[in-house]
Each structure stands twice: as structure tokens, then as C-alpha cells.
Amino acid sequence: MNTEVLKGIDGIKKGAEIIKDGGLVVFPTETVYGLGADAMNESAVSEIFKVKGRPQDNPLIVHISDIEQINMIAVDISEQARKVVEAYMPGPITVILKKGDCVPSVVTAGGKTVGVRLPNNELARAFIRECGTPIAAPSANTSTKISPTKAEHVYEDLKGKIPLIIDGGDCEVGIESTIIDLSVDTPTILRPGAITASMLASTLGRVDTFKGEVIVAKAPGMKYKHYAPSCEMVISDKPEKAITKYKEKSALGAKPIILCAGKNKDLYRGMSYMSLGDTDDEIMRNVYGLLHECEKHCDYLICEDLGNDGKCGSVMNRLMKSAGGNVL
Ligand code: TXA
Ligand code: MG
């Protein structure tokens with residue numbers, strides 16, 4: 001299959017035709033690129049699982065173009081859920097709600113809840129609107145690989161398997177949406193993201209943050225290895241440890257690299273390193289692009305621990321998975 005890459009209105013028009021014919025289209029969002037299908041078309045949705053190599057028990061997020069569509073796919077929307085929707089949608093957040101009957105069970109992996117997301121990216125919303133149907137979409141990467149934040153990342157990974165990539169340039173946020181479960185009495189964050197726990201707590205009064213045990217039960221996706229570069233990767237909680245490991249690997253003839261916070265880059269002078277950025281927002285925006293670079297050019301990746309707070313904590317949630325939990 002030939003994979004076309006189109007920008008702007010050309011991409012939207014062609015993409016909508018493909019979706020209406022039951023095909024798959026990659027489209028940009030503010031978080032990462034998504035691999036979309038008509039959420040109401042079971043066979044189109046099944047194709048997403050095949051192309052990604054994704055386990056069938058991992059549910060997909062349904063993307064909408066306008067807030068009113070939420071009532072079409074979800075039912076029993078609580079007061080708390082409405083508050084979150086009001087405060088953060090459109091934006092980098094997915095709300096888990098009780099699913100409406102019209103949503104096929106292949107989308108929700110047989111579950112009674114559905115993840116709903118209204119992206120804050122104009123091109124994404126225009127595309128979904130043109131399709132005239134909600135769009136089921138996971139991140140547009142082969143399962144377990146690094147999520148794409150540029151059309152080039154998708155092309156590299158999925159060329160020949162999908163007919164069209166709508167190129168919207170770099171994703172502004174850079175990591176996947178925050179996921180909050182609002183189908184339960186106590187709102188619970190299942191995946192941290194740019195909308196942080198403290199932001200949500202200020203809206204809701206109280207929110208439970210994800211803990212290992214909860215996550216496994218509620219977000220099936222979390223039990224699989226995720227966001228992994230093809231080279232070996234470890235997390236370093238102290239610069240001295242990173243430097244020692246770097247030297248050890250270099251002496252063995254490997255090509256190590258250190259990924260660090262901008263403020264620490266001088267510590268690694270003379271070594272091969274890349275700065276993740278100086279601010280939290282920069283770090284979120286850059287992280288996946290740098291992982292893609294590193295896996296191309298290096299064979300051992302040492303990444304600084306950025307701590308557990310706020311947006312950096314959300315980035316660390318991904319990086320810890322990329323490293324398979326390996327800490328120096
Ligand atoms: O930013 C994002 O959310 C991107 C863009 C494309 O919108 N999408 C994305 O999708 O990251 P994906 O499939 O790569 O990750 C979605 C996660 C999975 O871990 C899945 O298990 C979880 O959301 N999920 C989806 N529906 C769920 C549900 N009903 N209950 C619990 N977890 C759910
Ligand atoms: Mg993903």
C-alpha cells in the first residue's frame with residue numbers, strides 16, 4: 001500500500017473519504033499523532049489493532065470534534081465529570097465515562113466505559129468534523145514503540161501499512177493526554193499528562209493519583225511495555241552514576257548518550273548528551289522526538305530522573321516505561 005502524506009485541507013478532505021470507506025487515517029493532535037478509524041465501524045476499528053499489533057484487550061480512546069458529541073457516546077455523566085469537561089476540554093485530557101450503547105465493544109475492549117477526548121488541535125477537530133463521526137484512535141505507533149510527535153515518525157514506522165498521514169507538523173504538547181476515570185465515585189488519574197493532578201484537584205476538590213495496583217485494573221494498556229526505544233535504556237538518579245555508566249559503556253566500544261535536564265547539561269561536557277529542555281513544557285514537547293533520535297544514532301541511552309512532580313512527573317511516567325524500570 002502506498003502511504004500518502006498530505007497537509008491542511010487536502011489531507012482533511014482525502015482523510016474523511018478514507019474514513020467513510022472504512023479505512024484508517026493518521027492525524028495530528030496536540031499530544032501525539034493518532035491512528036484513526038470510524039469509531040462506529042467495527043471492522044475499521046479492528047484494523048487499527050492489526051496495524052499497530054495491539055492486544056485486543058486494550059481499549060481505544062474516542063475522539064470528538066465538538067463537545068455536544070459527548071452525549072452521543074457516553075451516558076450518566078456525573079456533576080464531577082461535567083466540571084472536568086468544562087475546565088479542560090478541548091485539551092490534552094481523556095475522560096473515562098460510562099459508555100453509550102452505540103459504541104461498539106471492540107472500541108472499549110468489551111468494557112462498560114469509554115475514553116472520550118476532544119483535542120485542542122484545529123486540524124484534528126476539522127478532520128473529525130469532516131468525517132461526520134467520532135474517531136477511535138490510539139497513538140500512531142507500532143505497539144511498544146515510541147509515540148510519534150511528527151509526521152516523519154509515523155512515516156518511518158507505518159509506511160506501507162496505512163493509506164494517509166495528515167501532516168500537521170510538530171505536536172505542541174508532546175506526550176499523551178492525561179486520563180482521568182470519572183465513571184467511579186472518586187475521580188482517579190489513570191495516566192498522568194500535561195493536565196496535572198494538582199490542576200485536577202483544584203477543579204474537583206479531590207482526585208486520586210494513579211498507583212500501580214489501580215492502574216493495572218483500570219487501564220489495561222498499562223500492563224504492557226510501552227514507549228520503548230530500540231536501544232537499551234536506563235534511568236539515572238544522580239549525575240555521577242550517569243557519568244560512570246557512560247564511561248564504562250564507552251570503554252566497551254558502545255555509543256552511549258545522556259539525556260538530561262537543560263540545567264544539568266554542563267555536567268556532561270565532553271560526553272555525548274542531549275538536553276531535554278529548560279522548562280517543563282519544553283521537556284514534554286521534546287521527549288519523544290529525542291528518543292526517536294537516540295534510537296537511530298546510539299546504542300545505550302542514559303536518562304536523568306526528572307522527579308515525580310507535575311508535568312516532569314508525567315514525562316517520567318513514560319521514561320520509566322521506556323527504560324523497562326531499569327534504574328542505575
Ligand atoms: O493523547 C492521547 O491520548 C493520544 C492521542 C492520539 O489522542 N492517544 C493515545 O491513545 O495515547 P493510546 O491508545 O496510545 O493510549 C490510550 C490509553 C491506553 O492505555 C488504554 O488502555 C487507555 O487509554 N484506555 C482507553 N479507554 C479506556 C477505558 N475505557 N478505561 C480505561 N482505560 C482506557
Ligand atoms: Mg500509545
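A pocket is an open set of points, on a 1 Å grid over the protein atoms alone, with protein on both sides within 12 Å along at least five of seven lines; its lining residues have an atom within 4 Å of a point. Grid points are joined across faces, edges and corners, and a volume is the space filled by probe spheres set on the points. The model is predicted, so local features need pLDDT of at least 70 and side-chain atom pairs count only at pLDDT 80 or more, while totals for chains, interfaces and linings use all residues. Residues are numbered from 1 along each chain as its sequence is written, chains are lettered from A and ligands numbered from 1 in the order in which they are written, and side-chain values use heavy atoms, without hydrogens and water.

**View 1. The second largest pocket.** This pocket holds about 330 Å³ of space. Its lining has 15 residues, and those closest to the centre are His153, Glu156, His292, Glu295 and Lys296. Two or more lining residues come from each of helix H6 (151-158) and helix H10 (280-297); helices (H or I, at least four residues) and strands (E, at least two) are DSSP runs, numbered from the N terminus. H10 supplies the largest share, five residues. By class, the lining has three nonpolar, four polar and eight charged residues. Ala, Val, Leu, Ile, Met, Phe, Trp, Tyr, Cys and Pro count as nonpolar, Asp, Glu, Lys and Arg as charged, and the others, Gly among them, as polar.

**View 2. Packing of H10 against H11.** H10 and helix H11 (residues 310-322) pack at about 20°, with axes 9 Å apart. Axes are lines fitted to C-alpha atoms, for helices over the stretch in contact, and angles run from 0 to 180 degrees between N-to-C directions. The two helices are therefore roughly parallel to each other; angles under 35 degrees count as roughly parallel, over 145 as roughly antiparallel, 65 to 115 as roughly perpendicular and the rest as oblique. H10 passes H11 in a left-handed crossing, meaning that the near helix is turned anticlockwise from the far one by less than a right angle, with clockwise giving right-handed. Contact (heavy atoms within 4.5 Å) involves Asp280, Asp281, Ile283, Met284, Val287, Tyr288 and Leu291 of H10 and Lys311, Cys312, Val315, Arg318, Leu319 and Ser322 of H11. These residues divide into eight nonpolar, one polar and four charged.

**View 3. Packing of H1 against H5.** The axes of helix H1 (residues 8-20) and helix H5 (residues 122-131) lie 8 Å apart at an angle of about 40°, which makes H1 oblique to H5. Their crossing is right-handed. H1 contributes Gly8, Ile12, Lys13, Gly15, Ala16, Ile19 and Lys20 to the contact, and H5 contributes Leu123, Ala126, Phe127, Glu130 and Cys131. Seven of the contact residues are nonpolar, two polar and three charged.

**View 4. Crossing of H4 and H7.** Helix H4 (residues 79-88) and helix H7 (residues 197-204) have axes that come within 10 Å and cross at roughly 120°, which makes H4 oblique to H7. The crossing is right-handed. Gln80, Lys83, Val84, Ala87 and Tyr88 of H4 meet Met199, Leu200, Ser202, Thr203 and Leu204 of H7. This contact has six nonpolar, three polar and one charged residue.

**View 5. Backbone details in two loops.** Met89 and Pro90 are joined by a cis peptide bond, with omega about 0°. Pro90 is in the loop between H4 and strand S6 (93-99). Ala109, in the loop between S6 and strand S7 (113-117), has phi near 55°, a positive value in a residue other than glycine.

Methods:
On a 1 Å grid over the protein atoms alone, a cavity is a set of points where a 1.4 Å probe fits but cannot get out, and a pocket is an open set with protein on both sides within 12 Å along at least five of seven lines; lining residues have an atom within 4 Å of a point.
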